[in-house]
Amino acid sequence: MFSRNVVVALIICLMTFVPPSLAVNVDTYLHAGVEKSESGDYRGALIEFNKAIELDPRNSSAYQYRGVAKARYGDFEGSIIDYSKSIELDSSSTESYANRGIAKARSGDVAGAVLDFDVAIQMNPDDGNAYFNHGMAMEMSNDLQHACLDWNQAVELGDQQSISFLRKYCK
């Protein structure tokens, strides 16, 4: 007869063994979530990203992607929380800073948005989109002079969407 400890050890081994063909990993859920988000199924995307986070709560990309899905779903406060968690786990993610800045601006925290765009620009000074978004936040805070400088820099870095704002606001 087996001792109680041996039986417990066998049960644990059997419970933890999952054949590779049946194993679902975080990347599978992330990929499914991205596909659903791109097709407009944000609720479905959130379910997939939640599964990824459940499997690996230290995966900064899962929080980043879930933040995007929440923002597209209209939950800016929730997306800010997810972007902040992504940044906590990986402080080098310029995308998380930039996306959190957009969510903050959309939720009315323009000053917080400017700070996030400042960090994104400092981390990647060649990102024209970060300058564009910084310019948008500056325009929202009625600093048109600074907005025009940002949009000009964005155009120099290849961000074409800034051209119309330069024409409209900056003479």
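**View 1. Val68, Ala71, Arg72, Phe76, Tyr83, Asn99, Ile102, Ala103 and Arg106 line the largest pocket.** This is a predicted model, in which local features need pLDDT of at least 70 and side-chain atom pairs count only at pLDDT 80 or more, while totals for chains, interfaces and linings use all residues. Residues are numbered from 1 along each chain as its sequence is written, and side-chain values use heavy atoms, with hydrogens and water left out. A pocket here is an open set of points on a 1 Å grid over the protein atoms alone, where a 1.4 Å probe fits and protein lies on both sides within 12 Å along at least five of seven lines; lining residues have an atom within 4 Å of a point. The space in the largest pocket comes to about 160 Å³, a volume being the space filled by probe spheres set on the points. Helix H4 (60-73), helix H5 (76-89) and helix H6 (94-106) each supply at least two lining residues, and H6 gives the most, with four. Helices are DSSP runs (H or I, at least four residues) numbered from the N terminus. By class, the lining has six nonpolar, one polar and two charged residues; Ala, Val, Leu, Ile, Met, Phe, Trp, Tyr, Cys and Pro count as nonpolar, Asp, Glu, Lys and Arg as charged, and the others, Gly among them, as polar.

**View 2. Here H4 meets H5, with the two axes 8 Å apart.** The helices pack at an angle of about 165°, which makes H4 roughly antiparallel to H5 (over 145 degrees). Axes are lines fitted to C-alpha atoms, for helices over the stretch in contact, and angles run from 0 to 180 degrees between N-to-C directions. H4 passes H5 in a left-handed crossing, meaning that the near helix is turned anticlockwise from the far one by less than a right angle.

**View 3. On to helix H3 (residues 42-55) and H4, whose axes come within 9 Å.** They cross at roughly 160°, so H3 is roughly antiparallel to H4. The crossing of H3 and H4 is left-handed. Residues that meet include Tyr42, Leu46 and Phe49 in H3, and Tyr65, Ala69 and Tyr73 in H4. Their contact divides into 11 nonpolar, one polar and four charged residues.

View 4. The contact of H9 with H10 has nine nonpolar, two polar and no charged residues.

Technical notes
Angles under 35 degrees count as roughly parallel, over 145 as roughly antiparallel, 65 to 115 as roughly perpendicular and the rest as oblique. Contact means heavy atoms within 4.5 Å.
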